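Look at the sequence and the structure first, then read the points below.

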Amino acid sequence: MALRTEMFSYLPPMPPEEVRQQVEYLIRRGYVPGIEFTQRLDSHDDFWSFWKLPFFRGATVDGVLAELEACKTAHPGATIRLTGYDARRQCQVLSFVVHRPA
């Protein structure tokens, strides 16, 4: 049985073109993209580590996607999620899992 993280984790895996569209949406809205990963997914003790710092300036779609791939390569057994932060309201506005270990 696969562990679930959040409400959207019950949806089927997101294909790469939809991940690209979500990254485009984040950047178009002016949100700050961030990449997080965890080696151990536990619904009672979640701890996510940042893959570098969020992209505060100059984020491009291809740059974010390249960092997602670099994170997957460095941590192939990790669950990886993409988050979006609204710098003006100082809150997280979007988060979804982009990679689950096989």
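Asp 86 has Cys 91, in strand E4, as its bridge partner. Strands, like helices, are DSSP runs numbered from the N terminus (E, at least two residues, for strands; H or I, at least four, for helices). The model is predicted, so local features need pLDDT of at least 70 and side-chain atom pairs count only at pLDDT 80 or more, while totals for chains, interfaces and linings use all residues. Residues are numbered from 1 along each chain as its sequence is written, and side-chain values use heavy atoms, leaving out hydrogens and water.

**Pairing in the sheet**
- E3 (residues 79-86) and E4 run antiparallel and are joined by seven bridges; two strands pair if DSSP finds at least two bridges between them.
- Leu 82 stands opposite Phe 96 of E4.
- Four residues lie between the strands in the hairpin of E3 and E4, where Gln 90 has a positive phi near 60°.
- E1 also pairs with E3 in the antiparallel sense, over seven bridges, and Pro 33 has Gly 84 in E3 as its bridge partner.

- The four strands form an open sheet with antiparallel pairing, in the order E2-E1-E3-E4.
- Strands E2 (49-50) and E4 (91-99) are at the edges with a single partner strand each, so one side of each has no neighbour in the sheet.

**Burial of E3**
- Eight of the eight residues of E3 are buried, so E3 is largely enclosed by the rest of the structure.
- Buried means under 20% relative accessible area, with a 1.4 Å probe and protein chains only.

Key:
Buried means under 20% relative accessible area, exposed over 50%, partly exposed in between (1.4 Å probe, protein chains only).
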